[in-house]
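Me: I am new to this structure and would like to go through it step by step. Please show it first.

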Amino acid sequence: MKLRVESLMVGGPVPFRGEEMSAIAKHPVGGPVMITHLGLKGDAQADLVHHGGTDMAVHLYPADHISFWRGELGDHSLFADPGAFGSNIETSGITEDHVLIGDRFRIGTALLEVSQPRKPCWKIEHRFGEKGMVAAITRTGRCGWYYRVVEEGVAEAGDKLERTDRGHDGWSIKRVFLSVYGKGSEDNAEDLRAIMQLQKLSEDCRAKALKRIG
């Protein structure tokens with residue numbers, strides 16, 4: 001699988017709600033950018049407890065979902081530019097159904113590995129000024145995902161995002177997300193126990209699966 005990278009995006013903490021800071025707003029990078037073990041150079045996080053770190057170094061939210069959100073929200077102004085959902089990579093042709101935990105992708109000279117789904121939070125709804133978005137993501141599994149950086153390197157818009165290796169068979173981002181965060185997920189103890197054994201899943205997500213079991 002080879003996908004064209006439409007845009008690479010970075011952003012830093014800015015005032016978001018009162019004294020609350022956020023780096024969810026991203027802007028495209030012009031030219032090549034270094035991708036390190038902590039993410040794209042020039043990118044940062046405001047909340048280092050819930051965001052960032054090696055297991056959440058690079059975020060991808062599928063551009064394929066924009067048509068769904070237009071149906072939900074109408075022609076929102078944020079859809080005019082890439083990165084409406086705070087992603088670092090803008091590309092089409094791949095969604096949570098197609099990506100396994102542990103899949104590896106080459107982008108430029110960097111090598112990325114899928115580490116976990118993205119759990120939605122209130123900041124998405126505040127950014128769009130719309131209620132119900134977190135519930136829609138939790139219901140449909142349109143969550144996006146994070147990569148860890150296996151090999152640092154340089155990439156730019158126009159490069160290919162090429163899958164080089166497959167991860168944990170049967171454990172797509174969507175399946176893991178719905179198993180851990182979906183409605184009634186605490187009743188699916190068998191899947192949750194299996195998720196806890198996925199070696200390439202982030203420690204944070206495995207801990208959340210354990211918490212669901214109680």
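Reply: Buried means under 20% relative accessible area, exposed over 50%, and partly exposed in between, with a 1.4 Å probe and protein chains only. Helices are DSSP runs of H or I with at least four residues, and strands are runs of E with at least two, numbered from the N terminus. This is a predicted model, where local features need pLDDT of at least 70, side-chain atom pairs count only at pLDDT 80 or more, and totals for chains, interfaces and linings use all residues. Residues are numbered from 1 along each chain as its sequence is written, and side-chain values use heavy atoms, without hydrogens and water.

Me: Which residues of helix α1 are buried?
Reply: Helix α1 covers residues 66-73. On its other side, S67 and G71 are exposed. The buried residues of α1 are I66, F68, W69 and L73.

Me: Within what arc do the buried residues of α1 fall, seen down its axis?
Reply: The arc is taken from the directions from the helix axis to the C-beta atoms. The buried residues line one face of α1, because they fall within an arc of 150 degrees.

Me: Which helices do the buried residues of α1 pack against?
Reply: Contact here means heavy atoms within 4.5 Å. The buried residues of α1 pack against α2 (122-128) and α3 (133-140).

Me: How many disulfides does a search of the whole structure find?
Reply: A disulfide is a pair of cysteine sulfur atoms within 2.5 Å. The sulfur of C205 is 9.5 Å from the closest cysteine sulfur, in C143, so it is too far for a bond. The search finds 0 disulfides.
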